[in-house]
Amino acid sequence: MSTLIIMPEMGEGIIEGTVVRWLKAEGDSVQRDEPVLEIETDKVNVEVPADADGTLLKINAAEGATLPVGSVLAIIGQAGEAIPDDQPEQHAPTAQQHNSQASAAPVTASASATTSESTPARAIDGVRVSPVVARM
């Protein structure tokens, strides 16, 4: 079973990284947590370790290539293992998507709070209930 080496998310606001150099070549054996390549961003340089023991079957990114976070950089598997042709390109949400999702929740919450505050509570069977509860 093959294991993918994915472009890691290395900090808030970092949406891509550049492959500086490969420390291993295709066909080399790797051990879990052994550095396989170096990645550079505008804020940090980091060595990316292997997630599994095995052989570096395929390198998907050339040195100098800039790829988005979540991209498949390489495949680790057993020597002689067939490389799947249909490896999914995994992409993490971009910073703009994170911000739009995060800002949408407070707006919705404040809108419902404003609605319930502007509409007075009413009593049902002598118990005060909010408009939302009254509608249910």
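The following exercises, each with a worked solution, concern the predicted model shown above.

Residues are numbered from 1 along each chain as its sequence is written, and side-chain values use heavy atoms, with hydrogens and water left out. Because the model is predicted, local features need pLDDT of at least 70 and side-chain atom pairs count only at pLDDT 80 or more, whereas totals for chains, interfaces and linings use all residues.

**Exercise 1. Confidence**

Determine which element of the protein chain has the lowest mean pLDDT and which has the highest.

Solution.
- Step 1. The term pLDDT denotes the predictor's confidence in each residue, from 0 to 100.
- Step 2. Helices (H or I, at least four residues) and strands (E, at least two) are DSSP runs, numbered from the N terminus.
- Step 3. The lowest mean, 43, belongs to helix 1 (residues 95-118), and the highest, 95, to strand 4 (residues 35-40).
- Step 4. For the protein chain, the average pLDDT is 76, and 68% of the residues score at least 70.
- Step 5. Over residues 88-117, pLDDT stays under 50. Where pLDDT is low, the predicted coordinates should not be read in detail.

**Exercise 2. Elements and sheet**

State how many helices and strands the protein chain has, and describe the open sheet of four strands.

Solution.
- Step 1. The protein chain has two helices and 10 strands.
- Step 2. Along the sequence, these elements follow the pattern β-β-β-β-β-β-β-β-α-β-β-α.
- Step 3. Two strands pair if DSSP finds at least two bridges between them.
- Step 4. The open sheet has the strand order 5-4-2-7, and its pairing is antiparallel.
- Step 5. Strand 5 and strand 7 (66-68) are the edge strands, each pairing on one side only.
- Step 6. Strand 2 (residues 16-22) and strand 7 run antiparallel and are joined by three bridges. Glycine 17 has leucine 67, in strand 7, as its bridge partner.

**Exercise 3. Lysine 43**

Locate lysine 43 and decide whether this residue is buried or exposed.

Solution.
- Step 1. Lysine 43 lies in the loop between strand 4 and strand 5 (45-49).
- Step 2. Buried means under 20% relative accessible area, exposed over 50%, and partly exposed in between (1.4 Å probe, protein chains only).
- Step 3. Lysine 43 is exposed, because its relative accessible area is 60%.
- Step 4. Contact means heavy atoms within 4.5 Å. Leaving aside neighbours within four places in sequence, lysine 43 is in contact with Glu12 and Ile14.
- Step 5. Glycine 11 is 32 residues from lysine 43 in sequence, and their C-alpha atoms are 8.6 Å apart in space.
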